[in-house]
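Me: I'd like to talk through the packing in this one. Can you start with the terms?

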Amino acid sequence: MSNLARNPVALGIAALVLVILAAATFAIVPETQQAVVYRLAQPIRIVNRYQAGQPIGQSDAGLIVRVPFLDRITFVDKRVLDLDLENTQVLSSDQLRLNVGAFARFRIVDPRLMLATAGTEDGVANQLRPLFASTLRNELGKVPFSALLSPERTQVMDAIQTSLDRRAHRYGVEIVDVRIKEAELPEGTPLESALRRMQTARQQEAITITAEGQRQARIVQADADATASRIYAQSFGKDADFYDFYRAMQSYRRTFGADGSADGRGATQIILSPNNSYLREFEGRGR
């Protein structure tokens, strides 16, 4: 030992060997990373694996020990990652061609499966992008364009997320969220044609609503007339003289223009004797 201490070159080599051995034995796993440990190219364990609802600071992150020169560590991001999809051509259920921009957020929940199927985080994003586009076309092809402009838009995005999540499990990925950034009609003739079809559809819808309103109005009017007739009949049964008097007053009102119907233009003059039967109600009930 004393000889080694007197030989600085040997001391430096020994220190270097210790550093290399320590570096090959110990590793630090960050809180934001998952570590897959391979031994002779075979995965043997996962350190700091994502677990839903796990409190911060209670994970397996930190210093780990491995077999030097036999174990290899591959790090996989534990955080939520983004997947953008720009200018995707979609055909809606009402045969409108749309340019749709969307994005999804995903998390790697099975890093061992992800590394075996995609290799890297960029690789899994490249695998998910065509699946995302296909799912977007399938789900938006089931709804009209107007659904993307209404509260139904949320249900459409939920359906896209559920379908994409089911297909992404093969890569060890969980889809956290899906959002449609924009959905626009292409400029030019297709846009003008689509606007005309939308205008025609709204006009037809307005005609249908108006016809239904008129039908309901006729039903209400018929019900009101039936109710009025029933009330008149009940009144006539209780007091026939009063009913005759009331009907006579209505007739006088229209005949003599008391309701404003006679405006003096071409009005007919009526000459009746005082004892005419038409005027009998003016004599009162004591006639």
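Reply: A nonpolar core is a set of buried Ala, Val, Leu, Ile, Met, Phe, Trp, Tyr and Cys residues joined through side-chain atoms within 4.5 Å; buried means under 20% relative accessible area with a 1.4 Å probe, protein chains only. This is a predicted model, where local features need pLDDT of at least 70, side-chain atom pairs count only at pLDDT 80 or more, and totals for chains, interfaces and linings use all residues. Residues are numbered from 1 along each chain as its sequence is written, and side-chain values use heavy atoms, with hydrogens and water left out.

Me: How many residues are in the largest nonpolar core?

Reply: There are 42 residues, and Phe106, Leu128, Phe132, Leu140 and Val173 have the most contacts inside that core.

Me: Which element gives the most to this core?

Reply: That is α4, with 8 residues. Helices here are DSSP runs (H or I, at least four residues), numbered from the N terminus.

Me: What does Leu140 touch, leaving aside neighbours within four places in sequence?

Reply: Its contacts (heavy atoms within 4.5 Å) include Val90, Leu91, Val100, Leu148, Val156, Ile160 and Ile180.

Me: Switching to helices. At what angle do α4 and α5 pack?

Reply: About 140°, with the axes of α4 (residues 121–140) and α5 (residues 152–168) 9 Å apart. Axes are lines fitted to C-alpha atoms over the stretch in contact, and angles run from 0 to 180 degrees between N-to-C directions.

Me: Which residues meet there?

Reply: Among them, Leu128, Leu131 and Phe132 in α4, and Val156, Ala159 and Ile160 in α5.

Conventions
Helices (H or I, at least four residues) and strands (E, at least two) are DSSP runs, numbered from the N terminus. Buried means under 20% relative accessible area, exposed over 50%, partly exposed in between (1.4 Å probe, protein chains only).
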